[in-house]
Amino acid sequence: MEVRAKKALGQHFLCDLTIAQKIVASLSQDTGEAARSSSNVRDVLEIGPGMGVLTQYLLQREDIDLKLVELDGESVDYLLTHFPGMQGRLYQADYLRLDIHKLFPGPYRVIGNFPYNISSQIFFKILDDKDRIPEVVCMIQKEVAERIAEQPGSKTYGILSVLLQAWYDIEYLFTVGSGAFAPPPKVQSAVVRLRRNARTDLGCDEKLFKAVVKTAFNQRRKTLRNALKPLLPEGFDASDPVFDLRAERLSVEDFAALTRRIF
């Protein structure tokens, strides 16, 4: 029994087992470090396991308790057939609509080959639960991986870069060529690891911070003075030199300071 890759679900199945082993090995091992360490969170969620190329190696790790979320019914049938003990671990559901608290009452880590067409949406959902997710290891489109790991000043630095870097340290681990997949995607892929940083507070309202970041980048070619006009209170003095800059020049800390200044 094989699973047909479905374009509508953004499916490209990883078939290079060496790459699969490297991805699973990138998820921190339990080293007995401090309790807040990501490696001491046993619960792990695999998003979009497909035919189980990562699953087979995750199940070999005795330091984790694995659960899986898969939308595709054909993939679910395959996993239940080929992996004994999947019952009770595997949930057929749309991760983006799933009440994750029903699966994990406490902290959990995330791993997966994310469908490229919804990878940004997955990251936004992870951000919504950031205080319970200390680590994420995932394969995504190379362009997206470079963007979220990028530093200020680059043209690829954007909304996800700022919002993710506000709460996570991001490592670009390695690149994966299209030949590692069936069917081969038209783009290269990359594996990244996100680890929750020590930040507990931005020093400003988080919703307003998001609004400032998104508004600033939605018209990224404009200076902040012009891009942020919809948010600036009437009579606001935007003469500060920071408003002469474009969004791509500002760090997380700069955006937090700007949010405090505006609101």
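## Salt bridges and a helix face

The structure holds 17 salt bridges, a salt bridge being a side-chain nitrogen of Lys or Arg within 4 Å of a carboxyl oxygen of Asp or Glu. Side chains of opposite charge can pair when their charged atoms come close. This is a predicted model, in which local features need pLDDT of at least 70 and side-chain atom pairs count only at pLDDT 80 or more, while totals for chains, interfaces and linings use all residues. Residues are numbered from 1 along each chain as its sequence is written, and side-chain values use heavy atoms, leaving out hydrogens and water.

- Buried means under 20% relative accessible area, exposed means over 50%, and partly exposed lies in between (1.4 Å probe, protein chains only).
- Helices (H or I, at least four residues) and strands (E, at least two) are DSSP runs, numbered from the N terminus.

- Arg-42 forms a salt bridge with Asp-65, and their closest N and O atoms are 3.2 Å apart.
- This pair links distant parts of the chain, 23 residues apart: Arg-42 sits in the loop between helix H1 (17-25) and strand S2 (43-47), and Asp-65 in strand S3 (residues 65-70).
- Arg-42 is partly exposed at 35% relative accessible area, and Asp-65 is partly exposed at 36%.
- Lys-130 forms a salt bridge with Glu-206, with 3.0 Å between the closest N and O atoms.
- Here too the pair links distant parts of the chain, 76 residues apart, with Lys-130 in the loop between H4 and S6 and Glu-206 in helix H7 (residues 206-218).
- Lys-130 counts as buried at 8% relative accessibility, whereas Glu-206 counts as partly exposed at 26%.

**A salt-bridge network**

- Arg-109, Glu-135, Glu-171, Arg-193 and Arg-195 are linked in a network of salt bridges.

**Helix H5**

- In helix H5 (residues 142-149), Val-144, Ala-145 and Ile-148 are buried.
- Seen down the axis of H5, the buried residues fall within an arc of 100° (taken from the directions from the helix axis to the C-beta atoms), so they line one face of the helix.
- These buried residues of H5 pack against helix H4 (119-128), strand S6 (135-141), helix H6 (159-165), strand S7 (168-176) and strand S9 (189-196), where contact means heavy atoms within 4.5 Å.
- Glu-146 is partly exposed, at 33% relative accessible area.
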